Amino acid sequence: MTKTLTLHDWLTSAKPVPQTMCLFTDEPLFQTQVADTYRKRLRQSINYQRHVLEQNKDFNHAFFLSLLAENSLFGDVSLIELRLTQNKLNAEFVQTLEQTCNWLAEGKIHHYVVIIGPTLSKTHMASAGFKNLWAHFTHIVCPTLTLETLPNWLIQSAQHQGFKLNFETAKWLAEQTEGNLLAAQQCLDKLAIHHANSIDNDTSHSTPKAIELSTVQHIATAACRFNVFDLGQNLLAGNPNRVLKVLHGLQAEGEAGTLVLWVLTEEIKTILNIKHALQQGQSLKQSCQTYRVWGERQKYISTACTRHTTKSLNKLLTLCYKAEKTLKGLAHGNSWHLFEMIALGITGHSTHLSVV
C-alpha cells in the first residue's frame with residue numbers, strides 16, 4: 001500500500017522520520033527541502049554516517065547493495081541517499097532497486113534510505129524498478145505550481161517562515177520570479193530576515209501585519225544590479241551580448257553557481273518541452289500555460305524553438321550535467337566558463353560545444 005505525504009505536511013509537521021523515503025520532482029528547491037529536513041530530523045534522534053550516490057555510468061551497484069546490507073557490531077547506522085538523474089532505468093538498475101525492496105520486505109535493511117529523482121509519469125511509476133518502491137517507501141508528493149497557484153504557495157511558505165504576505169504581494173513576486181522557485185525562496189529568506197528585524201525594533205507589540213508590496217519590491221530588486229530573471233529572458237530572446245554581460249555581472253556579485261545553472265537548465269528543458277508540445281499539435285498558448293512560460297518570455301519562446309533542434313538542445317543539457325559535476329568538485333574545469341558556453345548555445349550564437 002502506497003504511503004504518501006504532501007510536501008507541506010512533511011516540512012511543517014513533527015511526524016516521525018520514516019526509514020525509507022522517495023521523492024520524484026524536477027524542482028531543485030523541493031529536492032533540497034525534503035532531503036535537508038530528513039537529515040535534520042534524523043540527526044535529532046541518532047548519529048549516522050551519510051553516503052550519497054548518484055546514478056551515472058560509473059555507478060557501483062555492488063557497493064550500493066553492500067551499504068544496505070552492512071551490519072555493524074557497534075550498531076552504527078547509515079543514511080544512504082540515492083540520487084537518480086533519469087527516469088529510464090537499465091536492467092541492472094531495475095534489478096538493484098528490486099533487490100532493495102525485497103530486502104526491505106524481509107527486514108534485512110537496518111539503515112535509512114532516501115531516493116530522489118526527476119518527475120515520473122504514470123507509465124514510469126508502473127514500470128519495473130519503480131513500481132515496487134511504493135509499498136516500501138514513503139512517497140513525498142509535491143504540488144504542481146502554475147501562475148494561478150504560485151501566489152498561494154508563496155503565502156503558505158511565508159507563513160511557514162513566520163511572516164505574512166497578502167495575495168497582491170505574492171502575485172507580484174510570482175510574476176517577478178517567473179516560476180523560478182529557488183529565486184522565490186531566496187526572496188522569502190530575505191523577507192524573513194527583514195521581518196525578524198522589524199519585530200526586534202517594534203516596541204508597540206502589535207500584531208504583525210502583512211509585509212507591504214513596496215517593501216517586497218525593494219528587497220527583491222535592490223539586492224544586486226544583475227539578476228537571474230534578466231538572464232532567462234535574454235536567453236530566450238537570443239541576445240548574446242546582454243547574456244554575457246549579465247553572466248559576468250552575476251559572477252562578479254557572487255551569485256550562486258547552482259542558481260545560474262538551474263536557470264540555464266530550465267530554459268533548455270522549457271524549449272524542449274514547448275517544441276515537443278507544438279509538434280504534438282498543442283497551441284503555443286496552451287504549451288506556455290503547461291510549462292509555466294509567462295509574461296514577456298512568451299514573446300520569445302517561439303523563436304527559441306525554431307533556432308534549435310532536439311539534438312542541439314540535448315547537447316546543451318549534456319554540457320549542463322558537466323557543469324553540475326564541476327560545481328560539485330566531481331570534475332575539473334571552470335563552471336562559469338561552461339555557463340558561458342551553454343548560454344551562448346541557447347542564444348544560437350555558439351558553433352563549438354565540447355561535451356567530452
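Start by selecting every cysteine: a search of the whole structure turns up 0 disulfides, a disulfide being a pair of cysteine sulfur atoms within 2.5 Å. Zoom in on Cys142, which is in no disulfide; the nearest cysteine sulfur belongs to Cys22 and is 11 Å away. Cys142 is buried, with a relative accessible area of 18%, and Cys187 is buried too, at 8%. Here buried means under 20% relative accessible area, exposed over 50% and partly exposed in between, using a 1.4 Å probe and protein chains only.

Before you go on, a word on what you are looking at: this is a predicted model, where local features need pLDDT of at least 70 and side-chain atom pairs count only at pLDDT 80 or more, while totals for chains, interfaces and linings use all residues. Residues are numbered from 1 along each chain as its sequence is written, and side-chain values use heavy atoms, with hydrogens and water left out.

Next, switch to cartoon view and pick out the sheet. It is an open sheet of 6 strands in the order 1-6-2-5-4-3, with parallel pairing. Helices (H or I, at least four residues) and strands (E, at least two) are DSSP runs, numbered from the N terminus, and two strands pair if DSSP finds at least two bridges between them. At the edges sit strand 1 (3-6) and strand 3 (49-54), each pairing on one side only.

Now select 78-83, which is strand 4: it pairs with strand 3 in the parallel sense over 6 bridges.

Then color helix 2 (residues 28-45). This helix packs on the sheet and touches strand 2 (20-24), strand 3, strand 4, strand 5 (112-117) and strand 6 (138-141); contact means heavy atoms within 4.5 Å.

Stay with strand 5. 6 of its 6 residues are buried, so this strand is largely enclosed by the rest of the structure. Tyr112, Val114 and Ile116 are buried on one side, and Val113, Ile115 and Gly117 on the other. Strand 5 runs parallel to strand 2, joined by 5 bridges, with Met21 partnered by Val114. Another 5 bridges join strand 4 to strand 5, also parallel, and there Ile80 stands opposite Val113.

Last stop: helix 13 (residues 257-279). At 1.5 Å a residue, its 23 residues should span 33 Å, and its end C-alpha atoms are 33 Å apart, which agrees; the expected span is 1.5 Å times one less than the number of residues.

Technical notes. Axes fitted to C-alpha atoms, helices over the stretch in contact; angles between N-to-C directions.
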